[in-house]
Amino acid sequence: MDRLARRLGVRDAVVIGLGSMLGAGVFVVFAPAAAAAGGAGLLAALALAGFVAFCNATSSARLAARYPESGGTYVYGRERLGPFAGFLAGWGFVVGKTASCAAMALTIGAYLWPGQARLVAVGAVAAVTAVNLRGIGRTATATKVLVAVVLAVLALVTVAGAAGGDFSLDRFGDLDAGGRGVLTAAGLLFFAFAGYARIATLGEEVRDPERTIPRAVPLALGVVLAVYLVLAVVTVGVLGADRLAASAAPLADVVTAAGLPGLAWLVRAGATVAVTGVLLSLLAGVGRTALAMARRHDLPGALAAVHPVHRVPHRAELAVAAVVVAIVLLGDVRDAIGFSSCTVLVYYAVTNAAALTLGRDPGRRLPVRALAVLGLAGCLLLAVNLPPASVLAGAAVLAAGALWYALRPHRP
C-alpha cells in the first residue's frame, strides 16, 4: 500500500489546525448564533461549544496517537467499534465537509466579486487544489501565511472596537434566550471549532505522531478559543446582539462603528484570506478521509492512489474538488452550517465512543474517560438542538450512507 510522507512537526500541525478553524466562526457563525442566543447567550454558547470541542480534542488526540494514519475517526471507529461505526463517521465527515467546502468557496466569491461569486468560487477551489496537490509541505507553508494575515486583521478589529468603538458591556443584556437557544447557538458555533480534526486526519503525515498529535490538538484549540472569546466580547459590546444577528459582515461593521469605515475593505480582505485558509485545509482533510475509505472499499478503490512524487492522495483530492465545483455551480449552500455541524457532531460522537474503549492512559493527569463521556453526551445534545431542517438533512444523509453501506458490492 502506498503511504504518505511524514513531513509535519508540532508547529506545522498547530498551524494547519489554526487555519482550519480561524475564519469560519468569526466571519460566518457569530451572526446566526447571536440570533439564536442573544448577547450573553452567545458567550455561554461559545464556552459550551469550546468545552465540547475540548472533550472531543482529548479523545481525538488519544486515538490519533494510537492510530497515526489518514482518515481520523473513520479509522478509529472501524478499529474500536466495528466497520459500520467507522463508515458512518467517515461518510458524515466527507459529505458534510464537502458541502462546507462549497460554502467556503462561495463565501470567497461573495466577498471578492459578488456579481460573479460562482466563477470566483470555482477559481478558488482550483487554486487551493493546485496547492494541495503539490504536497502537504506546501499546504502547511501556505497556511502559515494565511494564518498570520488573519491574526493581524483580527487584532486590528479588536483594538479598533475596544478603543475607538462605542463599546459597552450593557449591550450583552441578560441571559434570557433560554436553554434551547444557547444549545442551538452552541451547535452552530461548533462548526467553528471542528478544524482541529484536520490534525488527526493528517496523522499519516505527522512526524512522531504519538508525541506531536496530543500536543498540537489542544494547542490549536486553546488559541482559537481565546481569539473567539475576545472577538465575541468586542463584537457584542460594539454592535449589540440585534445588530450582530442582522449583520452580513459583523467585523467590518465593528470597524465602521469605531469611526474607521475606510478600513472595512481591509477586514473584508482578511475575511477572504481566512476563508481561503479554511478551504485549503478542509479540502486536504476531506481528501485524506476519502483516501482512507477508498483503501477499505467504502468508497471506489481508484481513489486510494498516492502520487509517486508529491506523496498526496491526488485522485481523492481531485474527486473532492470536482464535487465541490459541481455544488458551487448548481446550488447555493451558504446555509450549510447547520447541516455540516449535525454530521460533524455525529462524527465526534463516534470519536468519543471509540475513545471509551481505550481504557486508562498511564501518566495522564486529565480524566480522559470522563471527558469522553461528556464529549459523547455533548455532541448528541448539540446535534438534536440544531435547527430542525439541519437535523433532518443530516439524518437523511446518514441514512443514505447506511443504505449504500448495506448495498455496496464490495465489502472489506
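The following legends describe close-up views of a predicted model.

**Figure 1. Confidence of the predicted protein chain.** The mean pLDDT of the protein chain is 85, and 89% of its residues score at least 70. Among the elements of the chain, helix α14 (residues 368-384) has the highest mean pLDDT, at 95, whereas helix α8 (residues 197-201) has the lowest, at 64. Where pLDDT is low, the predicted coordinates should not be read in detail.

**Figure 2. The aromatic pair of Phe-87 and Trp-91 in helix α4.** Nine aromatic pairs are found in a search of the whole structure. One of them joins Phe-87 and Trp-91 in a stacked arrangement, with 5.9 Å from centre to centre and 25 degrees between the planes. Both residues belong to helix α4 (residues 83-112), where they are four residues apart, about one turn of the helix. An α-helix has 3.6 residues a turn, so residues three or four places apart point the same way. Phe-87 is buried, its relative accessible area being 0%. Trp-91 has a relative accessible area of 19% and therefore counts as buried, because the class extends to values under 20%.

Figure 3. Tyr-405 is buried, with a relative accessibility of 13%. Ring pairs link Phe-87 and Tyr-405 with Phe-84 and Trp-91 into a cluster.

**Figure 4. Packing of helix α4 against helix α5.** The axes of α4 and helix α5 (residues 117-133) are 7 Å apart, and the two helices pack at an angle of about 125 degrees. At this angle α4 is oblique to α5. The crossing in which α4 passes α5 is right-handed.

**Figure 5. Helix α7 and its buried residues.** Helix α7 (residues 178-190) contains 13 residues and spans 19 Å from its first C-alpha to its last, which is close to the 18 Å expected at 1.5 Å a residue. Of the 13 residues, ten are buried, so α7 is largely enclosed by the rest of the structure. The buried residues are Gly-181, Val-182, Leu-183, Thr-184, Ala-185, Ala-186, Gly-187, Leu-188, Leu-189 and Phe-190.

How values were computed:
Residues are numbered from 1 along each chain as its sequence is written. This is a predicted model: local features need pLDDT of at least 70, side-chain atom pairs count only at pLDDT 80 or more; totals for chains, interfaces and linings use all residues. Side-chain values use heavy atoms; hydrogens and water are left out. Rings of Phe, Tyr and Trp (its six-membered ring) pair if their centres lie within 6.5 Å; planes under 30 degrees apart count as stacked, over 60 as edge-to-face and the rest as tilted. Buried means under 20% relative accessible area, exposed over 50%, partly exposed in between (1.4 Å probe, protein chains only). The expected span of a helix is 1.5 Å times one less than its number of residues. pLDDT is the predictor's confidence in each residue, from 0 to 100. Axes are lines fitted to C-alpha atoms, for helices over the stretch in contact, and angles run from 0 to 180 degrees between N-to-C directions. Angles under 35 degrees count as roughly parallel, over 145 as roughly antiparallel, 65 to 115 as roughly perpendicular and the rest as oblique. A crossing is left-handed if the near helix is turned anticlockwise from the far one by less than a right angle, and right-handed if clockwise.
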